[in-house]
Amino acid sequence: MDRKPCFTSQGQRSSSLKYPSSSNRPKLTPSPQNPYQQTLVKSLNQLPPSPYQQSAQGQQYSPVQQYSQTFSLKQSNNLQKQNFQGIQPIQGIQPIQPNIKNMSSPYSKVGSRTPPSKFMGGASISNKPLAPLIVGDISEEQGNKEKMNGNQNNLANKNNGNNNNSQNNSIGMTYSTSNNVFMINGRNDAKPEKIDKNEQKIYLANLELHLKFEKIVDQFIVDAQTRDITELIEDLISKQFSAKDVVFWQDIPSLHILYSEKLKKVVNHSDGLIGYTFFARKTQIFDYPEDHPAFQPEIDHPQNGGIVTIMNFPLWDNLGNICGVVQVMRPRANSFNNETEFKFLDFFTEKFKMFYNILFKVPHPDAEILELMHFMEIDQFLLIFQKKMEKLFHCRIAEIWKYDMQSKELSCFKKTKAPIPANRAGIVGDCIEKRYPINCISNKIMSSYNAQIDGNDEEPVIAVPVVDTKMHQVFAIAMRGGTPAFTSKDEKVLKNIAPYIILSLNNLEINHNNNNQGSKESKIQREHQCIDTLNEIIDLIKSKSTNDEIFQHSLEKMEIMVKADRSSLFTYDAQNSLLKSRYASGVKESITISNNNAVATRCFTSGDVLNIPDAYEDLDFDSTVDLSTGYKTTSILALPVLNTKAETVGVIEFLNKVDRQPFTLNEIHTLHIISLFCGALLENEKLKKDVLESTKEIRSNLSVSFGNASDKIIQNLLHDVLKQIILSFNCKSGSIYIRNTEQNLLLSLIHEGEKLHPTLPMDRGIAAVTTKTKEVVVSNDAQHDSRIIKDPMDFTGIVLNSLIIVPIVKSDGNCIGVIEIANIRKDKFTNEHVSIVRSFSILVAIILEQRTIESIGESGNSDFELNRFIDEEEKIDCIIPKKLELVNSKQSYLSSLDFRSDMFRGIEQIKLIFYIFQQTDIISSFKIPSSSLFSFIYNIRDLYGNEPFHNWNTISNVIQFAFLQIKTLNLLPLEKFALLVTILISGADNNKMKNQTLSSTIGEQIIHESHTEKSFIHAQNLINIVSDHNSNIFEKVPNSDLSQIWKLINNLIISIDPDNHMLIMNKVKEISPEFSMDISEHRFIAMAVFIKICLLNYNFRPSEISEDDFNNINMEFHIDELPPLQGDSITSMRENEQNDRETHKLRNFICFHNFVVLPLAKQFQKMFPTTNANVDSSLSYIDKWKYRLAEIENENHMNSMENS
């Protein structure tokens, strides 16, 4: 078995122990089997005597006695695991020994009226002298415990023969209970000696006491991690000593004072019995403290009076410095003479010194730092800074000072920023100049004290400088007053948080300087705060809060909104004819105003708003309230509170604007809105019940109203409401997600703010849980919320720190989506936020009650449809997204004249255009992102009307026909691009752009050249769409190509105008004899003919395909019904008139083909011989119509013959 060394000793303090003289100081004998013991014991034997080892007779203790008195069994076992080779003894600090008479032990009993010998003759543990032992291993299998032999000298003589006492005062031995003997020096041949049973009991009792102390101190160390150490020390000592009162006086080395957090007092190192103990640096017992010359009643007398005895003892830090003095008081009848208490005191002080760094670990105020690091206005930051510092340091006021080394400007931030003359900056200015922390107990003792800056009242000041070498600035964080002194802990905490405070202020100043909108942003912020306050009032009403609670909450919000120092709500007491406050900030008691000339009274009587920038310059100002409260009023704003009948029922009064500026009209307007709610509450206490009862009726009425609104109007409404919620919450993002059961996804229908995920899965994640359970989810720490499952394949970079997810539930109980509000900038999401979002979700459910996801997406929300069909990683790629790929069967269908647009409806039309743009190399040549092309097509589609022929379905026919021709031609990429874009815009409904401002350069060029509004509107439509970054397909086109593309589009838009047809045809005739595609002018005319042929594509398709197009044309241009017929021959007349109508239609078609289509087809075939838009197709239609016309005319002739 490994032998474990164990060091034990009797306590140094005990007055009943006898120690050998200095000449016979015991030497330690190491065990030969343990080299670790040999090294350690050798070092300990070389230690010189310490002043702490003086006995009553002037004898000295052995070094091992001093060392081992607090060395526990646990510590000795742990030491074996360490490397002690070359260990050096640690020299203790030599204390200054005061000249105290009769000092007979380390515990001096001062002022006692009994002889010191009586104190030293306390309870004796043993009559035999005990010396420290080095004990070998104790047999564990026999359950033996470590023992000590009280008769050391006799035992040593019996085992060592003629060895003298000086060599054998420390003996190695093991003890066995089986034979009740010690094994001396580890030798198994030693002669055993019987052990005294009484001494064995004493040792076991001491061991049990030691373990009890260990348990108490261990719990003390654990509790110190969560409790204030000062309070914990006082509680522990009070319990262990049964004290009447315990006070811990903490040392503040930088101030040379001792401070009591409990008494809120400070004393010098030389004041009272506390200072005396600090000077003596040892435990002092005062049976009659008032007799001692150092006694000071204001310090040493107990708080609750009475006759007491006092024990003061110092506590030491790990470096041997006194960190405080503990003052223990208890009734004089119960004096300090208990040996167990003294043993505990020895044990506790040693442990305290050992664990000092753990016990006095400086806290890091993370919560305060995080709140100050949020984005906010500087004024808001300073208000929060003041509140946090007052709470953290118990100070009267906190300040931030800033000195610019380049401009030599010095500023001080309190509630606002104020310039400070550098030559009279006071104490903090001295701190900045010397770049050194300052902590003073009184501002007036400092040489740099300036009454104007540092105040007339005497108070402590602490300041810590922070140097920003990069910005050439020096800052200082200063605290003033509120406490008798700032402690060492305060110094360390302030040094820890100062850089974070400066960083946050710097960032806010940079943002403020970069943002020059100033008043506009302030106005918007107030509006948001107003909306937020109104929503909170509504929530308070619904939660059955009392009117007084609502008034308090409302005025606190309004006070912050206008940056007032105080606010009050006065109501009229008709019985006593005076105004009485229902709420008043900063005042505990109610305020009454009976003076008819007071500002509040004048406001109530007249019903006018009174805005007084300087109260004491107002002749009618009543200063009696200031005199009674000690508060000085500067500026006043008094608002009348009106009920629904416009009668004044109260007055809201604000005092002392923080920035010392008058209250503005915008602020008054905002406050007036909130005051209306207060008036309504004052008028009707039953308002809460009425609101709850009318909820169902409101929902029903809203459902009917919104049911008749268009999808576009609904989307705009939802956008506006969501935007207001985001701004009022001061959040970064918000989105309305609608459930798509087909894809098993939640798709973002409406989005505001920063980027959020466009889709959310329905099979996992927190949104899916909300949809299934229909319960609200709130997470203020989303990064560590186990409910939020992070997708490992999510590369969007979206970070969610906090969020609210509220289900959208219809009246039938089905969940159709969720509302997500994410990343609040400061504070946390609260129940008030949840209530507002829940109310909004009800509104969304009512609006979407009768709508499907398809109708919502197809009514102008390109983002919603974009997220349905294009994944996030595909949006920036110049490809066809996977969900927009055409199936092979439809791809082959595009290569035939037998194309029918009926097969391409809805999203299939967009797939068709994507495919054509890819096959013509436009997407890759001009690097068009898939998201931009999708938005471009979607927004153009939104411009088309529901005409029979000129509609979005017809464009599918036109662009498919153009694709067929382009495949056979050798056109430039930019020509293909211009042709396809012009085709897409050619059929847009002109009526949809009537309200647009005709102001673009290209549009003006078109109207100047064509003199037609139709051409101009087509260009204006196109320009409006590509002006949006999300749908700008020209964004990555090189400037050289872009100019040519726009020029070609310009000319093509002009050419498709029917009014310009003859102009184009004349140009065609002019160039026809010498036509060449190498000539730019000829090439342009060819492009114009090309696009006109594409628009007439139905004339070149099979007759069974084109029949529908001819009928739609007829419907669009011949929409009048036949007039009513009367008479006996109605049937025959109807048949004749119907034949006449058909005849007229056929003649028009034949005429149009002969004079428009056929000439164009002939020229097109000459210019592009390889195309399949041939003249024969057009001629076949003419022959067919002529044949049909002859049949009708023959039928009409036969009918006429029969009638005659």
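C395 is buried in this predicted model, its relative accessible area being 7%. C412 is likewise buried, at 4%. A search of the whole structure returns 0 disulfides.

**Cysteines**
- The number of disulfides found in the whole structure is 0, where the criterion is a pair of cysteine sulfur atoms within 2.5 Å.
- A disulfide is a covalent bond that joins the sulfur atoms of two cysteines.

**Helices α7 and α10**
- Helix α7 spans residues 229-240 and helix α10 spans residues 339-354.
- The two helices pack at about 160 degrees, and their axes lie 11 Å apart.
- An angle over 145 degrees counts as roughly antiparallel, and α7 and α10 are therefore roughly antiparallel to each other.
- The handedness of the crossing of α7 and α10 is right-handed.
- On the α7 side the contact involves I233, L236, I237 and Q240; on the α10 side it involves E341, F344, F348 and F352.
- By class, the residues in the contact of α7 with α10 comprise 6 nonpolar, 1 polar and 1 charged.

**Strand residue V809**
- V809 belongs to strand β28, which covers residues 803-809.
- The relative accessible area of V809 is 26%, and V809 is accordingly partly exposed.
- V809 and I842 are separated by 33 residues in sequence; in space, their C-alpha atoms are 7.2 Å apart.

Technical notes:
Residues numbered from 1 in each chain as written. Predicted model: local features only at pLDDT ≥ 70, side-chain atom pairs only at ≥ 80, totals over all residues. Heavy atoms only, no water. Buried < 20%, exposed > 50% of the residue type's maximum accessible area, 1.4 Å probe, protein only. Axes fitted to C-alpha atoms, helices over the stretch in contact; angles between N-to-C directions. Helix = DSSP H or I, 4+ residues; strand = E, 2+ residues; numbered from the N terminus. Parallel < 35°, antiparallel > 145°, perpendicular 65-115°, else oblique. Left-handed = near helix turned anticlockwise from the far one by under 90°. Contact = heavy atoms within 4.5 Å. Nonpolar A, V, L, I, M, F, W, Y, C, P; charged D, E, K, R; others polar.
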